[in-house]
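Welcome! Here is a friendly briefing to read alongside the structure. Take a moment to look it over before you go on.

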Amino acid sequence: MGQIILKSQNSSETIEKVLKQVNSKKYMLVCDNSFEFMYFKNFTDKAGIPFVKFDGFTSNPLYEDICKGVDLFNSEACDTILAIGGGSTLDVAKCIKLFAKMNGKELYLQQDYSDSGIPLIAIPTTAGTGSESTRYAVIYYKGQKQSVTHESIIPQYAILDSAVLKTLPLYQKKCTVLDALCQGIESWWSVNSTPDSRKISETAVKLIAENIKGYIYENSEAAAEKIMNASNLAGQAINITQTTAAHAMSYKLTSMYKIPHGHAVAICLPEVWLHMLNNKDKCADSRGYEYLSDILEEISAALFKTDAFGAVTEFKKMLDKMGIEYPVSANRKDDIETLVNSVNIIRLSNNPVAPDREDIRQMYERILRS
């Protein structure tokens, strides 16, 4: 059974219907502290289905947090998980679903993954990660990022309600929409792209390009609805292709300089794009550089109605207008070395022009300010 995506202007009624559809007798509500201020709370307070709330996790969820959630899910005899929140909240819910029926006396990350059969319903409260439609989750174990991947953690139901975007802080709206945009672009040019994934990516990128102004600067409800849809589509696209070098380069920037993920990815992407344009001879896509060149031109036209080199310039201008600043380092040389060593080589293999260590160093040198 494929995922069911519901677009709702009244999530309260939709949630109740879905919970009854999965025959839930008691569910776990996974949410963060902001849930208390959301209108979803009216539903959970008034509905007749018992639940237990779990919000004991950080913005970069720890393995230990997940274990606490698993223990609570089992001790309270829950049968369903309802996740309402941003990317980290959805990651936590996915891992609780995956680990809940596993051997609690052994490290979950080292066991074989299988479908626990627990229904998972996801409601994103930001338009950015598209996590409600992906098989990926990110948690941290002993300070190291762990990518958890399994088809069964794609939520059975995803409920898209753009009304929740209206009250997001402006900077958060910018960072999350940039994450969705970068995911759409990276999926479009990925070596793993397929005809289906490219159609999804193209739709996502065009929707964001057409509605980002209304969403960011005008707080338009119509634009927010389209951005929410675009974010979900970008998630669907990377679920097929995975992300590429811009994402791989972003993670350490986020942890070292305490900048949100979408901010970090967005300042990496134009450098990766320029690297591909300047290194045709290093094309790693089996379809050849002519194919890649056409893709880059298609992306450029969809975003800015310009050519590929012009699109890199326009992307940077867009970031400047949005106030997306580059990180400043007092120990630039050492920091660049740390950043270069942090990059996941596997993610680089998804990039159509795979950079080597020196290429990565040069890109970080352009990103990092002194």
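Two strands count as a pair if DSSP finds at least two bridges between them. In general, the strands of a sheet pair through backbone hydrogen bonds, either parallel or antiparallel. Please keep in mind that this is a predicted model. In it, six strands form an open sheet with parallel pairing, in the order β1-β8-β5-β4-β2-β3.

**The sheet and its edges**

- Which strands stand at the edges of the sheet? They are β1 (4-7) and β3 (51-54), and each has a single partner strand, so one side of each is left without a neighbour in the sheet.
- From one strand to the next, the twist averages 20°.

**Strand β2 and its two partners**

- Strand β2 covers residues 27-31 and pairs with β3 in the parallel sense, over four bridges.
- Is β2 enclosed or open? Five of its five residues are buried, so β2 is largely enclosed by the rest of the structure.
- Y27, L29 and C31 point one way from β2, while M28 and V30 point the other way.

- Helix α7 (residues 221-241) lies across β1, β5 and β8 (157-160), and runs at about 170° to β1.

**Aromatic rings**

- How many aromatic pairs does a search of the whole structure find? The search finds seven.
- One of them joins F54 and F57 in a tilted arrangement, with 5.9 Å from centre to centre and 40° between the planes. Both F54 and F57 are buried.
- Another aromatic pair, W189 and W273, is edge-to-face, with 5.7 Å from centre to centre and 80° between the planes.
- This second pair links distant parts of the chain: W189 belongs to helix α5 (residues 170-189) and W273 to helix α9 (residues 261-278), 84 residues apart.
- Both tryptophans are buried: W189 has a relative accessible area of 1%, and W273 has one of 0%.
- Y63, F99, Y108, Y113 and Y141 come together as one aromatic cluster.

**Charges over rings**

- The charged end of K173 sits over the ring of Y215, at 4.5 Å from the ring's centre.
- R369 lies over the face of Y326, and the distance to the ring centre is 4.1 Å.

**Cysteines without bonds**

- A disulfide is a covalent bond between the sulfur atoms of two cysteines.
- How many disulfides does the structure hold? The structure holds zero.
- C31 is in no disulfide, and the nearest cysteine sulfur, in C78, is 13 Å away.
- C31 is also buried, with a relative accessible area of 1%.
- A disulfide needs the two sulfur atoms to be within 2.5 Å.
- C95 is buried too, and its relative accessible area is 1%.

Terms used:
Residues are numbered from 1 along each chain as its sequence is written. This is a predicted model: local features need pLDDT of at least 70, side-chain atom pairs count only at pLDDT 80 or more; totals for chains, interfaces and linings use all residues. Side-chain values use heavy atoms; hydrogens and water are left out. Helices (H or I, at least four residues) and strands (E, at least two) are DSSP runs, numbered from the N terminus. Axes are lines fitted to C-alpha atoms, for helices over the stretch in contact, and angles run from 0 to 180 degrees between N-to-C directions. Contact means heavy atoms within 4.5 Å. Rings of Phe, Tyr and Trp (its six-membered ring) pair if their centres lie within 6.5 Å; planes under 30 degrees apart count as stacked, over 60 as edge-to-face and the rest as tilted. Buried means under 20% relative accessible area, exposed over 50%, partly exposed in between (1.4 Å probe, protein chains only). A charge sits over a ring if NZ of Lys or CZ of Arg is within 6 Å of the ring centre and within 35 degrees of the ring normal.
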